[in-house]
Amino acid sequence: MARSRKASENKERKDGIPASAFCIVGEITDIFEGKSADYLTIKSARGDYYDLLTVNVPVDLMETDTIEDYNKGDTVQCTGFISSFFDKTKKVSKTIFTAAKVSKTIDIDTPF
């Protein structure tokens, strides 16, 4: 039997930082420029296979670079926070990757 919590409970740590973080390294396969966020589809290798992951990049995130500095085929490293929501119409949980930093410099030894 699954357990559930009341919706009013705080879903962040007490210091206000989301509790889950990610580091994705891969090749950009698609770029979508939205009004409040840009979306990068990243092909991330997993052994002989790969995952296609969509990362939300808030438009105000890019301090020095802009989304125009990135092209399909570029290898990037994205770090940020993971959140999720339940889509009631599709009855599935959706995982959201929101970038805090996007870089062409790959530093996998110390991603966070």
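A: The term stands for a side-chain nitrogen of Lys or Arg within 4 Å of a carboxyl oxygen of Asp or Glu. Asp74 sits in the loop between S3 and S4, and Lys104 in the segment after strand S5 (92-103), so this pair ties together parts that are 30 residues apart in sequence. Strands here are DSSP runs of E with at least two residues, numbered from the N terminus. (Buried means under 20% relative accessible area, exposed over 50%, and partly exposed in between, using a 1.4 Å probe and protein chains only.)

A quick word on where this comes from: the model is predicted, so local features need pLDDT of at least 70 and side-chain atom pairs count only at pLDDT 80 or more, while totals for chains, interfaces and linings use all residues. Residues are numbered from 1 along each chain as its sequence is written, and side-chain values use heavy atoms, with hydrogens and water left out.

Searching the whole structure turns up 3 salt bridges. Another one joins Lys72 and Asp30, with 3.9 Å between N and O. Lys72 belongs to the loop between strand S3 (49-58) and S4, and Asp30 to strand S1, so here the parts being tied together are 42 residues apart in sequence. Lys72 is exposed, at 58% relative accessibility, whereas Asp30 is partly exposed at 36%.

Then there's Asp51 with Arg46, whose closest N and O atoms are 3.0 Å apart. Both ends get the label partly exposed: Asp51 has 28% relative accessibility, and Arg46 has a relative accessible area of 48%.

S1 (residues 21-33) runs antiparallel to S4 (residues 75-87), and 7 bridges join the two. (Two strands pair if DSSP finds at least two bridges between them.) Phe22, for instance, has Gly80 in S4 as its bridge partner. S1 is also joined to strand S2 (residues 37-46) by 6 bridges, again antiparallel. There, Phe32 is partnered with Tyr39 in S2. S1 and S2 form a hairpin, with 3 residues between them.

How values were computed:
Helices (H or I, at least four residues) and strands (E, at least two) are DSSP runs, numbered from the N terminus.
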